[in-house]
Amino acid sequence: MIGRFCLVLHSHLPWLPGHGTWPVGEDWLFQAITSSYVPMVEMLERLADRGHEHLLTLGVTPVLAAQLDNQQVLRDTGAFAADWLWRTRDLNDRDAAAREAREASHVLERLDYHSAGFSPSLRRLSDTGVIELLAGPAAHPFQPLLDDRVAAFSLRAGLDEHVQRFGGHDGIWAPECGYRPGLERLYAQAGVGHFMVDGPTLLHVGAGTHSAWTVGDTDVVAFGRDLEVTYRVWSPRKGYPGHHEYRDFHVVDGDGFRTRRVTSGSVHGPDKAPYNAQAAASAVRRDARDFVDVVRRRLMDLQKHRPDPLIVAAYDTELFGHWWYEGPAWLEEVLTLLPTAGVEVTTLRGAYDSVAAAVDLESGSWGSGKDFRVWAGPQVSEFVDDNEELQRRWLKLTDDVRDPRQVELATQALLALQSDWAFMVSKDSAADYARRRHAGHHGRFNDIADAIETGRHVEMGERPFPHLDPRLL
């Protein structure tokens with residue numbers, strides 16, 4: 001073995017049930033379940049049946065896990081898949097119609113398999129050593145901008161939800177790979193063993209991603225994303241998903257199906273060539289071999305730093321299947337080929353002996369500029385002000401934590417502080433929806449806070465975190 005490779009997948013969507021349908025809302029969730037989460041779990045189970053272990057580290061945020069186990073969400077996802085199957089009757093392209101019908105039927109079978117939720121399957125994969133599961137804060141906030149008490153509460157609430165669904169935990173996915181000095185002490189107090197930062201967060205202080213590092217005066221371990229390897233997939237200009245054989249995500253025909261391939265950057269819309277499944281399968285094998293070669297060459301280069309170098313590549317889970325249709329097949333090929341190429345595939349927990357020394361990190365994230373601008377820039381300055389005011393008011397209302405209204409208050413506070421709303425505005429991705437969600441949760445929080453201050457009764461609303469305990473604040 002010439003070194004080790006850790007694949008980390010981050011699975012997250014904000015709380016969506018009851019908050020719109022299409023194009024952003026519940027359909028976003030249904031698409032991710034049917035095109036990413038279902039095929040990814042099936043792929044991991046298939047590799048497990050072949051005897052593979054320690055394949056990857058999978059983060060599933062508590063707010064997403066709650067949706068993947070929600071019975072109404074699962075029923076609605078089944079209806080979404082059934083509609084998908086029904087609509088294939090109207091496809092003029094016979095090959096495309098047959099392919100889509102087979103896939104929709106298979107997804108319906110797999111949803112029946114997951115009828116009790118996704119947690120049983122994920123916990124089984126974790127308990128048998130096939131994957132490592134990462135916990136995280138309850139609703140995916142950008143932690144560096146939180147008051148320490150709020151950050152600690154959000155983390156504790158998320159860890160409790162994770163334990164209820166999956167058992168114990170070692171590591172977390174720090175939302176957006178966001179870090180500021182001092183978070184490591186919060187992690188240590190909560191019993192967190194390791195977390196992820198982006199590569200530049202380590203490189204800026206002279207530490208490389210070829211090793212893991214303890215942070216400050218704690219035993220908490222930080223792993224850094226290797227961008228040279230990660231961007232071989234993720235790069236919008238050179239990444240594999242943009243190769244011409246793969247199915248084009250952005251071209252949707254009148255029936256709502258994606259029947260075209262990327263073709264080239266100079267061909268657009270309906271002028272793109274029809275999708276060819278055999279050509280795409282060949283491209284999967286070609287690009288998997290290329291990636292393995294990239295990993296090998298990178299490890300051999302990193303041996304100048306240590307004899308057993310480490311590569312950590314991290315991606316959003318939704319890239320595989322949803323955005324990149326062939327992504328799960330590509331991952332299966334890569335995870336199969338790497339060991340035969342002299343690369344040890346392991347999890348973050350399995351790479352603890354890669355710790356080199358202690359390091360004092362500076363602030364960073366995996367967002368644009370590798371700083372806080374996406375979540376604290378001028379385009380979202382009102383969000384920052386609203387979130388700071390919410391935290392101040394929340395912390396003043398903790399005198400009687402036994403008041404049942406405190407559960408609703410805490411729920412709305414966590415949903416209001418999700419990092420997604422600022423991200424969507426900064427990236428101009430469904431920005432109007434994000435502004436409505438931000439305003440809606442802040443408005444609901446203030447209504448409940450007013451009721452607590454005046455003694456007025458409030459109706460209980462959505463409960464994504466059934467084990468939420470306001471006393472932890």
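**Rings, a helix and a strand**

Me: Which residues do ring pairs link into a cluster?
Reply: Rings of Phe, Tyr and Trp (its six-membered ring) pair if their centres lie within 6.5 Å. Ring pairs join these residues into a cluster: Phe5, Trp173, Trp234, Tyr240, Tyr246, Phe291, Tyr315, Phe320, Trp324, Trp330 and Trp366.

Me: What kind of model is this?
Reply: Residues are numbered from 1 along each chain as its sequence is written, and side-chain values use heavy atoms, leaving out hydrogens and water. Local features need pLDDT of at least 70, side-chain atom pairs count only at pLDDT 80 or more, and totals for chains, interfaces and linings use all residues, as this is a predicted model.

Me: How many aromatic pairs are in the whole structure?
Reply: A pair of aromatic rings is described by the distance of the centres and the angle of the planes. A search of the whole structure gives a total of 21.

Me: Are the rings of Phe249 and Trp323 stacked, edge-to-face or tilted?
Reply: Planes under 30 degrees apart count as stacked, over 60 as edge-to-face and the rest as tilted. The centres of Phe249 and Trp323 are 4.3 Å apart and the planes are at 45 degrees, so this pair is tilted.

Me: Is Trp323 buried, exposed or partly exposed?
Reply: Buried means under 20% relative accessible area, exposed over 50%, partly exposed in between (1.4 Å probe, protein chains only). Phe249 has 15%, so this residue is buried. Trp323 has 43%, so it is partly exposed.

Me: Which residue forms an edge-to-face pair with Tyr275?
Reply: The two centres are 5.9 Å apart, with 80 degrees between the planes. Tyr275 itself is buried, at 11% relative accessibility. Its edge-to-face partner is Tyr325.

Me: Which charged residue sits over the ring of Tyr325?
Reply: A charge sits over a ring if NZ of Lys or CZ of Arg is within 6 Å of the ring centre and within 35 degrees of the ring normal. Here the charged end is 3.8 Å from the ring centre of Tyr325, and it belongs to Arg247.

Me: Why is strand S7 described as largely enclosed?
Reply: Strands are DSSP E runs of at least two residues, and helices are H or I runs of at least four, numbered from the N terminus. S7 covers residues 310-316. It is largely enclosed by the rest of the structure because its buried residues number 6 of the 7.

Me: How far apart are the end C-alpha atoms of helix H11?
Reply: The expected span is 1.5 Å times one less than the number of residues. H11 has 14 residues (327-340), so it should span 20 Å. The model agrees, with its end C-alpha atoms apart by 21 Å.
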